[in-house]
Amino acid sequence: MIVEKRGFRARSLKLWLPLGFFMIFNLFPFYWMAITSLKPNSELYSRKIMPLIVYHPTLEHFVNLLSETNFLLWTYNTMLVAVVSTAISLIFGVMLAYPLARMQFPGAALISFAVAATYLVPQPLLFIPLADIINRLGLGDTLTSVILTYPTLLVPFCAWLLMGYFKSVPHELEDAARIDGATRLQTMFRIFLPLCVPGFISAGIFAFTLAQNEFLYALIFLTKTDVRTVPVGAIAELVRGDVFYWGQLMAAALLGSIPVAIIYSFFVEHYVAGLTSGGVKA
Amino acid sequence: MASAHTQALPRPTLRRRPAFSLRRWTEREGVFSWLMVIPPALFLMALVGYPFVYGIWLSLLDRPVAKPGVFIGLDNFITALHDPVFWRVAQNTFVYTFAATALKMAGGLALALVMNQEFRFKNLIRAVMLLPFIVPTVLSTIAWMWILDPSFSVINWFLVHWGITKPGPSWLGNPGWAMFSLIMVNTWRGLPFYAITLLAGLQTISPELYEAATIDGASTFARFRYVTVPLLKPVIFIVTMFSVIFTFSDFQLVYVLTRGGPANATHLFATYAFDVAMSGGQFGLGASIALSMLPPLALLIAGMAWYMRSEKT
Amino acid sequence: MASIIRATSRRDVLKIAGVGGAGALVGARSGRAATKNLSFMHESSFIQTYDDFFKKTLVPEYAKATGITVDYQLISVGSLQTRMATAAETGNGPDMTLAFFNWPFLFDEKLADVSDIADEIGKKNGGWYDSAKEAVIVNGKWKAIPFGNVGQIMNWRSDWFEEAGIKEFPDTWDAFLEAGTKLKKAGHPFGLELGHGFGDNHGWLYPLLWSFGGREVEPDGKTIVIDSDETARAVDYCRKLFHDAILEDCLGWTDVNNNKAWMSEQISCTNNAESILWFAKKQFPDIAEVTQQSLNPQGPKGRFHILAPWSHAIYNFSPNQKESKDFLVWLMDPKQVERWYAAADSYYAPYLHAYDDAPLWHVEKRNLPYRDSLKTSHLPGWPAPVSRQSSESVAKYVVVDMFAKACTGRSTKEVIAEAKAQLQQIYKQA
């Protein structure tokens with residue numbers, strides 16, 4: 001009995017107390033978004049009533065968001081852009097990481113230096129020349145423009161995360177396949193890459209998060225309302241002059257993050273596993 | 001690892017070479033590697049390399065927006081270096097980067113240690129904890145804008161309600177508090193990424209090491225200090241590097257919350273460069289300011305890498 | 001009117017036949033060949049009915065009259081300049097764009113000369129206000145058609161002022177300070193932005209500087225004269241006003257905050273555009289009831305306001321410049337534009353004297369000061385002509401920060417010296 005009690009106390013101290021603190025710190029803004037999106041304007045602007053409670057909840061902001069703006073279309077655009085640009089980044093990431101991690105070739109040092117250097121290039125420096133390229137390709141106001149430019153931010157990170165993972169995979173299986181006469185490409189596709197799925201998941205999740213979050217390029221390349229992504233669309237239509245449509249903005253933030261959160265809850269275990277064998281040993 | 005790899009490789013080329021075969025050629029390690037590397041390298045060269053060189057060129061011009069430029073050498077950099085705001089911005093950026101990174105590291109490690117225990121709904125809680133990292137920054141920042149707004153701040157509502165302060169602090173109005181608030185919001189956003197990555201690292205540490213340490217009589221703290229921390233170092237290095245890069249060049253958060261105010265107290269390199277180039281229409285000067293963030297960032301990263309390497313040996 | 005329309009459609013046919021290749025370059029925009037498209041970039045208006053009116057009424061009307069569809073591209077608030085710059089830099093973008101402040105000057109080389117239609121429109125409508133010309137005439141050429149002014153004046157709570165024994169809005173800055181001191185003591189401070197917003201800071205700080213006789217540079221656009229006794233007096237005044245009458249948070253405000261503080265009945269006076277009254281009327285009628293608007297107070301050297309022009313420009317790389325001009329002429333015809341102005345109440349004060357007594361001003365009498373402010377409005381940097389240096393000074397918040405620093409307790413001498421150093425650096429090429 002006493003032991004159990006002490007165990008409980010120790011456990012609260014070590015687990016529940018800090019966990020509770022972090023839950024509040026991490027999630028309070030979401031609670032805030034949720035109640036803000038449910039409050040009628042009269043409550044939103046009242047400084048007298050207790051702010052953590054909604055007295056007269058209303059779905060008005062959600063209804064307006066879905067009926068007056070193209071929110072669902074923006075969500076679709078965001079997902080499409082994020083998925084495709086993540087896929088491109090992973091493919092390019094593999095193409096860079098596989099040789100760098102598994103082979104020796106002249107110029108490897110140069111390539112890995114160049115990839116590392118691209119992390120550091122400040123984004124605000126790039127967007128004007130990028131806009132020029134996009135326009136010359138005739139891609140202004142198309143989702144392709146951001147699908148093409150996001151990987152510039154994502155490829156270096158993907159390559160890096162994957163390199164870490166690739167280095168940790170033992171060589172024996174590959175060597176055996178090579179001795180059996182498989183080509184390098186076959187070895188890579190049939191033997192090696194299937195071993196690296198956790199690595200792809202962690203790099204993919206990371207890239208996906210950055211892609212669906214991006215603001216600057218989306219702002220510059222996408223002006224028409226039907227090609228916008230959630231961050232740019234919401235800001236463009238729900239911030240009018242010096243007045244913010246707070247309720248709808250918060251509704252957009254919530255609705256926008258829920259699908260991603262669900263995807264994450266499925267993958268989080270793999271994400272951890274992917275980093276475990278990869279990043280750690282890099 | 002590399003040495004084991006070369007030993008294990010069979011060397012078919014030692015045999016007498018038949019006439020040229022494309023297949024054999026592409027099977028050569030160097031050729032295969034380059035064939036793989038070239039497409040992504042070209043992609044990056046076109047969409048990062050070219051704009052970057054263009055940016056460097058811009059920084060050497062007196063180049064108002066939509067007007068032809070005049071080559072002026074390093075004048076823009078000299079101008080920037082004589083600009084008191086530039087130094088203020090540099091100082092802000094360093095304070096912001098260091099404070100936010102340190103907080104994220106400490107908080108992230110703590111959260112990772114907490115989440116590394118067994119408890120109910122573990123996966124759900126882990127996923128939920130990641131939310132701040134997932135939600136589009138622009139939108140979550142707008143929520144913070146409301147939370148930090150002095151007249152509506154829930155924080156202040158409680159501070160005043162419980163009689164702790166009369167008017168609550170002006171979170172974004174007072175220069176010191178404004179920087180503090182930005183650091184907190186950045187920490188809030190980045191901490192989950194730290195935590196989840198460090199958690200991954202923690203799970204690679206084999207329990208036997210702890211058991212051995214316990215048998216040797218190590219205290220909880222000693223186990224943390226001598227087992228956990230050294231083994232986590234590589235992963236700490238990686239997240240810290242990511243975080244330093246992203247924090248140093250942060251744009252969205254400041255752009256939405258304060259636009260660099262009050263009186264430049266929260267202007268960072270990225271926002272200042274953007275303001276000078278876009279609102280001021282001075283592309284050359286803006287490019288030079290944006291470019292100035294590169295050397296310190298590179299030094300920072302190189303320093304960290306060097307530190308890691310020297311620790312390893 | 002009819003002749004213009006007919007001419008347009010004929011030219012269209014020729015154009016489509018002749019520039020098939022150019023059409024391909026425009027890519028995404030070209031659309032079907034039978035109906036010509038024009039694109040018109042605008043920032044999301046604060047007043048939604050205004051954007052709706054354009055999309056739902058004016059676009060179909062123009063399509064019906066000419067067969068030309070106008071694509072109204074809405075840009076998020078605060079992003080228009082970035083979009084304009086990107087278009088100007090890459091030579092690819094919409095045919096026409098909205099421009100704020102002195103942007104016709106900034107983008108001068110990429111904008112078409114519209115002097116001909118500006119004259120035509122001016123003549124038909126009683127002539128342009130002088131202040132309108134300040135921002136759109138670059139080197140003697142009109143680079144944009146002025147549309148309207150989003151003026152900034154004082155918004156105040158008549159009920160609280162009355163409680164404090166003040167019947168009329170203070171006419172001088174001294175009386176303003178006195179009133180503010182009383183009201184802050186009564187728990188109703190003033191809320192005047194001193195942070196890095198877009199407009200509500202410049203909206204009262206430049207007029208304050210000017211009305212004390214201070215200025216950044218001489219009319220020659222070269223000589224820096226910020227370091228003057230007049231500036232010092234304005235700075236001292238601002239510090240005192242901040243301590244005695246203003247809410248501390250104002251230092252960190254951007255343009256959103258005063259609206260929010262107003263609707264939550266936290267402040268008794270602010271400097272804003274008409275949006276504050278408009279929004280209150282929609283959502284908080286009780287507050288709207290006691291919201292009054294007045295011209296800025298005057299100082300020893302007069303009364304001033306900030307000029308915040310909206311104008312429409314045509315990019316000179318557009319293949320449809322003639323069509324765009326025809327469209328702007330059609331748009332600025334009273335038959336069209338008067339209804340568009342009206343759709344926004346009087347949020348956009350017309351720069352044409354023909355509207356001085358137009359019905360739109362009589363819908364809401366409290367908005368009349370916006371019209372009256374046009375006579376005393378100037379762009380930041382005045383009395384120097386508009387220049388890239390004056391834009392850079394605005395972008396770097398030189399004047400705003402000078403006042404803000406003084407409010408945080410720095411000495412007047414120091415803050416003026418710093419502003420002077422910044423201006424010297426900015427104007428050194430001039």
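Let's start with Ala287(B). Ala287(B) sits in helix H15 of chain B, residues 283–292. Helices here are DSSP runs of type H or I with at least four residues, strands are E runs of at least two, and both are numbered from the N terminus. A word on the model: it is predicted, so local features need pLDDT of at least 70 and side-chain atom pairs count only at pLDDT 80 or more, while totals for chains, interfaces and linings use all residues. Residues are numbered from 1 along each chain as its sequence is written, and chains are lettered from A and ligands numbered from 1 in the order in which they are written.

Is Ala287(B) buried or exposed? It counts as buried, because 27 C-beta neighbours lie inside 10 Å. The cut-offs: 20 or more other C-beta atoms within 10 Å means buried, 12 or fewer means exposed, and in between is partly exposed, with C-beta atoms placed from the backbone.

Which residues does Ala287(B) contact, beyond its neighbours within four places in sequence? They are Leu125(A), Gly55(B), Leu58(B), Ser59(B) and Ala277(B). Contact means C-beta atoms, placed from the backbone, within 7 Å. Now a pair in chain B: Ala287(B) and Ile134(B) are 153 residues apart in sequence, and their C-alpha atoms are 31 Å apart.

Chain A has 13 helices and two strands. Of its 282 residues, 52% count as buried. Its C-alpha atoms fill a box of roughly 75 × 75 × 30 Å along the principal axes. Take contacts in chain A between residues at least 6 apart in sequence: 76% of them join residues at least 24 apart.

Next, chain A against chain B. The contact takes 78 residues from chain A and 84 residues from chain B. On the chain A side, helix H13 (residues 246–277) gives the largest share, 17 residues. That side divides into 54 nonpolar, 17 polar and seven charged residues. Here Ala, Val, Leu, Ile, Met, Phe, Trp, Tyr, Cys and Pro are nonpolar, Asp, Glu, Lys and Arg are charged, and the others, Gly among them, are polar.

Now the core. The largest nonpolar core has 315 residues, and Leu249(A), Leu198(B) and Phe403(C) touch the most other members. Such a core is a set of buried Ala, Val, Leu, Ile, Met, Phe, Trp, Tyr and Cys residues joined through C-beta atoms within 7 Å.

Helix H10 (residues 202–211) of chain C packs with H19(C) at about 80°, axes 10 Å apart. So H10(C) is roughly perpendicular to H19(C). The axes are lines fitted to C-alpha atoms over the stretch in contact, with angles from 0 to 180 degrees between N-to-C directions. Under 35 degrees is roughly parallel, over 145 roughly antiparallel, 65 to 115 roughly perpendicular, and the rest oblique.

Most residues other than glycine have a negative phi, and most peptide bonds are trans. Arg259(B) is not a glycine, yet its phi is positive, about 55°. Arg259(B) lies in the loop between helices H13 (252–257) and H14 (269–279) of chain B. Tyr397(C) is not a glycine either, and has a positive phi of about 55°. Tyr397(C) is buried, with 28 other C-beta atoms within 10 Å. Finally, a cis peptide bond joins Trp382(C) and Pro383(C), with omega about 5°.

Key
Two residues are in contact if their C-beta atoms, placed from the backbone, lie within 7 Å.
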